[in-house]
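My entries follow in the order in which I made them.

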Amino acid sequence: MKNILITGGSSGIGAATAQLCIEKGHRVHLMGRNASQLSAIQQNLGDQCSFSVGDVRKIEDCTRTYQDACQQMGKVDVLINNAGLGIFDPLKDAKLEDWHEMVDTNIKGILNMIHLSLNDLIQHKGHIINLGSVASHHVFANSGIYCATKHAVLAIGESIKIEHGKNIRITTISPGSVNTPFIHVTKNEELLKEYVPNFEKGLSPFDIAAQMVHVIEAPAGVSINEIIIRPGV
Ligand SMILES: NC(=O)c1ccc[n+]([C@@H]2O[C@H](COP(=O)([O-])OP(=O)(O)OC[C@H]3O[C@@H](n4cnc5c(N)ncnc54)[C@H](OP(=O)(O)O)[C@@H]3O)[C@@H](O)[C@H]2O)c1
């Protein structure tokens, strides 16, 4: 049984991962900004699930969440840095605040959580799982800054592997399109019309959750560093 802290637990991949982890006998603590969604998920999943309301961009929220998680579960064995967003637009039309929001959430949010927990996780021989993307490997039109943030996520994981790979498991999960509310933070109507059908045809969030369980339950002595998973036949 592992004690698992999941950021972005109120929706999509994070919520599916929470459900599957509990079905497999693990304990989860969730974080997100949407209190009512987190409360509904907690009621559905029962007393193996707890949550903190918070924003990964705010270090005080991250600190409180990490303390809550340690108090609720005893310790954190696995940190899943899942909170993230992609606001898609051509570069020339994009709003600077949207670029800042992606950098602050997808990169600085992960760094906030890692900085708080790294020493404990090294001591416990714990596990960090970061949500990358196929955009960690490729740069696509209309989502270049999102791709830049996900390239950074892969590099952050690599740096942990290089410095601490003997004492901590580090995994980047890199999905292609997954059918979650993810695409709906994009406001560009033309892009939405073009992209929504692709996301609707994407993987189920439970496909990603199954990969999370797979890497969490890998046998002792095995560290799975990256999984790239795309919709297929
Ligand atoms: N869907 C895809 O096709 C896809 C593909 C590759 C990678 N990913 C990655 O997978 C991760 C999860 O995405 P998803 O598809 O599950 O999307 P989603 O359903 O929109 O979920 C995003 C989650 O992130 C949380 N979040 C966003 N900003 C936050 C903040 N500032 N502080 C705390 N939580 C925040 C949201 O919670 P609140 O709104 O409650 O804060 C929500 O729980 C993201 O990192 C995304 O980049 C998704």
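**Entry 1: Asn3**

I looked up Asn3 and found it buried, with a relative accessible area of 8%; buried means under 20% relative accessible area, exposed over 50%, and partly exposed in between, with a 1.4 Å probe and protein chains only. The model is predicted, so I note that local features need pLDDT of at least 70 and side-chain atom pairs count only at pLDDT 80 or more, while totals for chains, interfaces and linings use all residues. Residues are numbered from 1 along each chain as its sequence is written, and side-chain values use heavy atoms, with hydrogens and water left out.

Asn3 sits in strand E1. For element names I use DSSP runs numbered from the N terminus: helices are H or I of at least four residues, and strands are E of at least two. Not counting residues up to four places away in sequence, Asn3 touches Arg27, Met73, Lys75, Val76, Asp77 and Val78. Contact here means heavy atoms within 4.5 Å.

**Entry 2: nonpolar cores**

Which residues touch the most other members of the largest nonpolar core? I found Val28 and Ile80, in a core of 32 residues. A nonpolar core is a set of buried Ala, Val, Leu, Ile, Met, Phe, Trp, Tyr and Cys residues joined through side-chain atoms within 4.5 Å. Strands E1 (3–7), E2, E4 (78–81), E5 (127–131) and E7 (226–229) each supply at least two residues of this core, as do helices H1, H2 and H7 (205–216). H1 gives the largest share, 7 residues.

I then listed the contacts of Ile80, leaving aside neighbours within four places in sequence: Ile4, Leu5, Ile6, Thr7, Thr17, Ile129, Leu131, Met212 and Ile216. A second, separate core has 24 residues, including Met31, Met73, Val76 and Ile160.

**Entry 3: helix H2**

In H2 (residues 35–45) I found Leu38, Ile41 and Leu45 buried. Seen down the helix axis, the buried residues of H2 fall within an arc of 65°, so they line one face; the arc is that of the directions from the helix axis to the C-beta atoms. As background, an α-helix has 3.6 residues a turn, so residues three or four places apart point the same way.

The face of H2 turned away from the buried side carries exposed Ser36, Gln43 and Asn44. Among the elements covering the buried residues of H2 are H1, E2 and strand E3 (49–53). Just after H2, Gly46 takes a positive phi of about 90°.

Is Thr149 buried or exposed? Thr149 counts as buried at 1% relative accessibility, and its place is in helix H5. Leaving out residues up to four places away in sequence, Thr149 touches Met102, Val103, Asn106 and Ile107.

With residues up to four places away in sequence not counted, Ser117 touches Tyr66 and Leu79.

**Entry 4: positive phi outside glycine**

Lys125 has a phi near 50°, positive in a residue other than glycine. Lys125 is in the loop between H4 and E5 and counts as exposed, at 56% relative accessibility. Asn142, in the loop between E5 and H5, has a positive phi near 70° and is likewise not glycine. Asn142 counts as partly exposed, at 23% relative accessibility.

**Entry 5: pockets**

I set the terms before reading the volumes. On a 1 Å grid over the protein atoms alone, a pocket is an open set of points where a 1.4 Å probe fits, with protein on both sides within 12 Å along at least five of seven lines; lining residues have an atom within 4 Å of a point.

The largest pocket has a volume of about 1100 Å³. Its lining has 47 residues, and Gly84, Leu85, Gly86, Tyr146 and Phe182 are the closest to its centre. H1 (12–23), E2 (27–32), H4 (96–124), H5 (144–164) and helix H6 (189–200) each supply at least two lining residues. By class, this lining has 20 nonpolar, 21 polar and 6 charged residues.

The second largest pocket has a volume of about 250 Å³. Of its 16 lining residues, Lys125, Gly126, Ile168, Arg169 and Val222 lie nearest its centre.

Technical notes:
Grid points are joined across faces, edges and corners, and a volume is the space filled by probe spheres set on the points. Ala, Val, Leu, Ile, Met, Phe, Trp, Tyr, Cys and Pro count as nonpolar, Asp, Glu, Lys and Arg as charged, and the others, Gly among them, as polar.
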